[in-house]
Amino acid sequence: MQKKQLNISYQVYQSKDELPAEWASLLQRATEATERSYAPYSNFNVGAAILLDNGEVVCGSNQENAAYPSGLCAERSACYYAGAAFPGARMLAIAVAARQDGKLTETPTYPCGACRQALVQYENRGGVPMTVIVGSATRIEVFDSVKDLLPFAFDNLDESVMI
Ligand SMILES: [Zn+2]
C-alpha cells in the first residue's frame with residue numbers, strides 16, 4: 001500500500017485592486033453578468049466570464065427553470081456558449097462572481113462539481129491551463145488550473161474513441 005498526498009496552492013487577494021489588470025477586468029465582467037442571471041427561485045445570481053485566446057470574453061449567468069434540473073449554472077452557460085460560438089478557441093481564464101439577494105457573497109462561490117468537470121474538459125482540449133478566479137466581497141482566490149479544483153476528473157473516454 002502506498003499513501004499519496006495532494007498539495008494544491010492558490011492565491012488570495014484582498015481586493016480587485018491587487019489583481020493583475022486582465023484578471024480584474026475579467027472579474028468585473030463576471031460581476032456584471034450576475035445582472036443577467038435568471039434566478040427567481042434561489043435569488044442566487046451567478047455570473048461567469050471566460051477569456052479566450054482570440055481576445056474575446058464570453059459571459060454566462062445562471063438560468064433557472066420551473067422544472068428545476070433544466071436550469072444551468074453560469075459557468076457551464078459560459079463555456080458552452082464559448083465552445084459553440086468560438087470552436088477551437090482556447091479558454092485561458094474564467095472568473096466567477098455571485099450575489100445573494102442583491103449583495104456580493106461574503107465568501108467566494110466556487111464552480112459546482114458538474115461545472116468543474118465541464119471546464120476541465122475544455123482545459124484539456126485547449127492544452128493550456130485555465131486560470132480560475134473566484135471573487136467575493138471579502139477576498140478573491142485564484143487557482144492556476146481547473147485541475148486544482150478537480151484533481152481526479154473523469155477523462156477515461158478518450159475523444160479518439162468517441163469518433
Ligand atoms: Zn455549476
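Which residues are buried in α2? This is a predicted model, in which local features need pLDDT of at least 70 and side-chain atom pairs count only at pLDDT 80 or more, while totals for chains, interfaces and linings use all residues. Residues are numbered from 1 along each chain as its sequence is written. Helices (H or I, at least four residues) and strands (E, at least two) are DSSP runs, numbered from the N terminus. In α2 the buried residues are Ala74, Glu75, Arg76, Ser77, Ala78, Cys79 and Ala82, where buried means that 20 or more other C-beta atoms, placed from the backbone, lie within 10 Å of the residue's own, exposed means 12 or fewer, and partly exposed lies in between. These buried residues of α2 pack against α1 (21–33), β2 (44–52), β3 (57–61), β4 and α3, with contact taken as C-beta atoms, placed from the backbone, within 7 Å.

The partner helix, α3, has 14 residues and reaches 20 Å from its first C-alpha to its last, close to the 20 Å expected at 1.5 Å a residue; the expected span is 1.5 Å times one less than the number of residues. Its buried residues are Cys115, Ala118, Leu119, Val120 and Glu123, and what covers them includes α2 and β4 (91–100). Just after α3, Gly127 takes a positive phi of about 80°.

How do the two helices meet? Helix α2 (residues 74–85) and helix α3 (residues 113–126) pack at an angle of about 25°, with their axes 9 Å apart, the axes being lines fitted to C-alpha atoms over the stretch in contact and the angles running from 0 to 180 degrees between N-to-C directions. That makes α2 roughly parallel to α3, a term for angles under 35 degrees. On the α2 side, Glu75, Arg76, Cys79 and Gly83 meet Cys115, Ala118, Leu119 and Tyr122 of α3. By class, this contact has 5 nonpolar, 1 polar and 2 charged residues, with Ala, Val, Leu, Ile, Met, Phe, Trp, Tyr, Cys and Pro counted as nonpolar, Asp, Glu, Lys and Arg as charged, and the others, Gly among them, as polar.

Two loop positions remain. Asn43, in the loop between α1 and β2, has a positive phi of about 55° although it is not a glycine, and Asn43 is exposed, with 12 other C-beta atoms within 10 Å. Asp101, in the loop between β4 and β5 (103–104), likewise has a positive phi, near 50°, in a residue other than glycine, and Asp101 is exposed, with 7 other C-beta atoms within 10 Å.

Technical notes
Angles under 35 degrees count as roughly parallel, over 145 as roughly antiparallel, 65 to 115 as roughly perpendicular and the rest as oblique. Two residues are in contact if their C-beta atoms, placed from the backbone, lie within 7 Å.
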